[in-house]
Amino acid sequence: MKFLKFLLVGIAFGIILVKSEAVSWYRIYEMFRFESFHMYGIIGTAIATGVILLLITKKFKFKNIEGGLMSVPDKEKGFTRYILGGTLFGLGWALSGACPGPMYILIGTGVFTILIAIIAAMLGTYVYGVLKGKLPH
């Protein structure tokens with residue numbers, strides 16, 4: 001029961017994404033063709049909200065579910081890894097018409113063909129795990 005609040009927030013977030021058309025293949029297609037500001041506005045709003053919430057979290061020293069202070073670990077510096085990873089992520093997003101979070105929302109809306117993309121994403125994650133030690137980091 002202690003995780004019920006997270007489930008409810010997830011359901012509300014899914015409804016918001018569906019109503020805002022953020023999971024719409026056509027909106028994603030428009031974004032990658034630079035024909036519409038709609039998705040860029042949603043992504044920009046999400047980034048701004050995240051920054052503000054992180055600042056509030058640091059200022060008021062919020063605690064996580066286990067009672068420890070919430071913090072965001074520093075990322076390793078690098079250029080190539082982020083360019084290659086971002087390019088692969090963007091290609092997958094453009095080809096499937098959905099990024100990882102909305103893929104699960106699409107199942108909830110009845111678009112069961114997205115299961116192919118979810119299985120492919122899981123397979124790609126597994127392959128990355130196997131090859132991680134051989135890749136440039």
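Phe34 sits in the loop between H2 and H3. In this predicted model, Phe34 takes a positive phi of about 55° even though it is not a glycine. With 68% relative accessibility, Phe34 counts as exposed, because the cut-off for that class is over 50%. Glu21 counts as partly exposed, though, at 36% relative accessibility.

Now for the overall layout. The protein chain holds six helices and zero strands, so to speak α-α-α-α-α-α when read from the N terminus on. Taken along the principal axes, the C-alpha atoms fill a box of roughly 40 × 40 × 35 Å. Of the 137 residues in the chain, 16% are buried.

The UniProt record, an unreviewed entry, puts the feature "transmembrane region" at residues 38-57, 78-98 and 104-131. Two of these spans can be described from the model. For residues 104-131 the end C-alpha atoms are 26 Å apart, with 82% of the span in helix and 0% in strand.

Rolling a probe the size of a water molecule over the atoms shows where empty space is left. The largest pocket takes up about 870 Å³. Helix H4 (80-96), helix H5 (100-108) and helix H6 (114-131) are the elements that give two or more residues to its lining. That lining runs to 28 residues, and Gly85, Leu88, Phe89, Gly124 and Tyr128 are the ones nearest the centre. H4 makes the largest contribution, with 12 residues. Sorted by class, the lining of the largest pocket comes out as 19 nonpolar, eight polar and one charged.

The second largest pocket has a volume of about 290 Å³. Its lining counts 13 residues, with Phe13, Leu17, Ala22, Ile42 and Ala46 nearest the centre. Here helix H1 (4-19) and helix H3 (38-60) each supply at least two lining residues, and H3 gives the most, five. In the lining of the second largest pocket, 11 residues are nonpolar, two are polar and none is charged.

Then there are the aromatic side chains. The structure holds seven aromatic pairs. One of them joins Phe3 and Phe6: the ring centres are 6.2 Å apart and the planes meet at 40°, so the pair is tilted. Phe3 is exposed, at a relative accessible area of 52%, while Phe6 counts as partly exposed at 46%. Another pair is made by Trp25 and Tyr26, with ring centres 5.4 Å apart and planes at 85°, so this one is edge-to-face. The 85° angle falls in that class because planes over 60 degrees apart count as edge-to-face. Trp25 is partly exposed, with a relative accessible area of 40%, whereas Tyr26 counts as exposed at 60%. Trp25 and Tyr26 also belong with Tyr29 to one aromatic cluster.

Leu95 and Tyr29 are 66 residues apart in sequence, but their C-alpha atoms are 9.4 Å apart in space. Leu95 has its place in helix H4, and at 74% relative accessibility Leu95 counts as exposed. Another side-chain arrangement involves Arg81 and Tyr82: the charged end of Arg81 sits over the ring of Tyr82, 5.4 Å from the ring centre.

Conventions. Residues numbered from 1 in each chain as written. Predicted model: local features only at pLDDT ≥ 70, side-chain atom pairs only at ≥ 80, totals over all residues. Heavy atoms only, no water. 1 Å grid on protein atoms, 1.4 Å probe; cavity = no way out; pocket = protein on both sides within 12 Å on 5 of 7 lines; lining within 4 Å. Points joined across faces, edges and corners; volume = space filled by probe spheres on them. Helix = DSSP H or I, 4+ residues; strand = E, 2+ residues; numbered from the N terminus. Nonpolar A, V, L, I, M, F, W, Y, C, P; charged D, E, K, R; others polar. Buried < 20%, exposed > 50% of the residue type's maximum accessible area, 1.4 Å probe, protein only. Phe/Tyr/Trp six-rings, centres within 6.5 Å; stacked < 30°, edge-to-face > 60°. Lys NZ or Arg CZ within 6 Å of the ring centre and 35° of its normal. UniProt positions renumbered as here; feature names shortened; annotations may be inferred.
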